[in-house]
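Try each one before you read its solution.

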Amino acid sequence: MSEIPSADQEGIDSVRMTWNNWPRTKVEASKCVIPLAASICPIHSNPEIPTLPYLPLRCKTCTSIMNCFSRVDFTAKIWICPFCYQRNHFPPHYSMISETNLPAELYSQYTTIEYTIGDKNQNPVGEFDVKSAFVFVLDTCMIEEEFEYAKSEVKRAIGLLPENAMVGFVSFGTQVQVHELGFSDMSKVYVFRGTKEISKDQIMEQLDQWPVAPGSRSSRCTGVALSVAAGLLGACLPGTGARIVALVGGPCTEGPGTIISKDLSDPVRSHKDLDKDAAPYFKKAVKFYDGLAKQLVSQGHVLDLFASALDQVGVAEMKVAVERTGGLVVLSESFGHSVFKDSFKRVFENGEQSLGLCFNGTLEINCSKDIKIQGIIGHCTSLEKIGFGTNYRVLQKGPSVADTVIGEGNTTAWKMCGLDKSTCFTVFFDISSSEKSNAPGSANPQLYLQFLTSYQNPEGLTLLRVTTVTRRWVDSSVSSEELVQGFDQETAAVVMARLTSLKMESEEGFDATRWLDRNLIRLCSKFGEYRKDDPSSFTLNSFFSFFPQFIFNLRRSQFVQVFNNSPDETAYFRMLLNRENIINAAVMIQPSLISYSFNSLPQPVLLDVASIGADRILLLDSYFSVVIFHGMTIAQWRNLGYQNQPEHQAFAQLLQTPKEDAQTIIHDRFPVPRLVVCDQHGSQARFLLAKLNPSATYNNANEMAAGSDIIFTDDVSLQVFFEHLQRLAVQS
């Protein structure tokens, strides 16, 4: 609720861990409550990362890459692998190596480094040097206005594509049309036989073949259209970086992937329907998109989904195909809304606004002995059973693979058909040893993790990004002080949110609030300082002090409280939670709130209803929306036009500053957030009130200050939540 103390948390490596000092044994790790996990943005941009024009050196035993933690014997021309301690000879072209003549990969500051491993011309198709391909899949079952919006944005996007990109176009309604582009002279012609008389009704039926009967939904075959697009790319460009860009304006009602019947009196499935197994189309549609995901992954192609409609379109069912291929997703109310238009434009822009879309990525992870990988939560696919091309080995379950699987597991390598500079993954680790005698760290106090990401960049170059990080083993059975000092509470909150979302989707009857509460109580019992059975004596170390309020806000967030949202919205929120970096994901869980007033400079304030004031403007950033909220007095002065009078320039500036700050947030974010400008007691004030701690409700309205506000809710406040937490944490 106030600013979190931050070091350079992302840095050159863009790796953040829940625990920066690791317990030595499996038993001690389980007592930490919060899992051992790392969040990594594998190809984030950083000007300090050098790109080397040669191939890396690999260890002959464990295949990890030589890095700045490798020990070097300059006389014998040998380097020792920090992962398996194998001694490796340098090849002849390293013969000049010495303590004063080091290659870049051995410089201590280059823990992340990039190698160029392929040229630009490795994907020629026919006579063309194809860097990438885009197949636009456009829904035609929309009202004219929506269709025009979508059409104009697709036209603009095609104009922004690089000259050597290949473009395909598929449209769909009741049937799917694959369009041959570049032949504008051959427009569509309707032919009527000359041997028989044609009535007006027959002409209308021919011109408008798929009319929508009253009380019915449009006949829309989204699943078949995406299947046709995938088949087209698979036949023409297997292994070449390609994206299917789907613009969908309503639910699929025809063929595979159907989510609802054509009868409008039949409502689209809700969370309650899914819980009761009363959504007859859901499982079949998910199974279809799961098959489509496997096909796209084997071809190396991406599915991007732009869904714009007032009703649901089936994002919840399509989620598996978008996530497994590393696709983008944007959900908005209309193709004319800025959320869609500005986000869609960003996908195809170059320059500093570019998303840096890359293709054909693989991620491999190497770990020190005794560290095992449970899996990844993020937009990727486990390479457990898949081999790619002739040069990719099928990975067997190796010594670094844990028995417990979280997310995409059973492997140390993953496929990412699409990734960009903000793509983030959460990797979960386990410790194999539980015996003190051979505990990890007894020989070496440092542990090492290496992340190898190969990918094709927008220019068509194949690059290998190598990030090697080290952390310390600590003996937490003797003292937990070092363990505590390495706790990253922001990362821990995001990891718990991602794990909770995964469990809610995969475990039947999972009670998220209860699970979060139990883990928080265990954590506070383990690391809090208190006298048994005396809640007033409870204190929490500063390294943990923000964590309870993160969990409080997570319990109230759209990731846990799903019944205010449709399954499509929930799927959308969770997909973005899983792919954004820690800073952005933390804002989704616990929004930031800034206050603007005459009396002080803009400053962060508590995410609390008490922060509302009649003479204040508040700026809320909850990631998916940005809210500018005017207090009563400010709104009255604005309505009277004071800002237009020369003597009230300070007021005009006060109104302008939050607008400029909001635009700065919007400018750097994808998907573009919704901007809400509202006044105290106005209908849209709910966008702010829903996120605030209800310290003032109708129960204690008599205690509130003049000009502030109350929230009509029976939810507990943060103070009450913390009192309960203290009481339960100190119980003997």
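**Exercise 1.** Is Asp-370 buried or exposed?

*Solution.* This is a predicted model, in which local features need pLDDT of at least 70, side-chain atom pairs count only at pLDDT 80 or more, and totals for chains, interfaces and linings use all residues. Residues are numbered from 1 along each chain as its sequence is written, and side-chain values use heavy atoms, with hydrogens and water left out.

Start with the cut-offs: buried means under 20% relative accessible area, exposed over 50%, and partly exposed in between (1.4 Å probe, protein chains only). Asp-370 has a relative accessible area of 17%, so it is buried. Next, look at its partner: Lys-369 forms a salt bridge with Asp-370, with 3.8 Å between the closest N and O atoms. A salt bridge here is a side-chain nitrogen of Lys or Arg within 4 Å of a carboxyl oxygen of Asp or Glu. Lys-369 is exposed, at 64% relative accessibility.

**Exercise 2.** Find the salt bridge between Asp-304 and Arg-243, and say which strands it links.

*Solution.* First, the distance: the two side chains meet at 2.6 Å, N to O. Then place the partners: Asp-304 lies in strand E15 (residues 301–308) and Arg-243 in strand E14 (residues 242–248), 61 residues apart. Strands (E, at least two residues) are DSSP runs, numbered from the N terminus. Finally, check burial: Asp-304 is buried at 1% relative accessibility, and Arg-243 is buried with a relative accessible area of 1%.

Note on methods: Helices (H or I, at least four residues) and strands (E, at least two) are DSSP runs, numbered from the N terminus.
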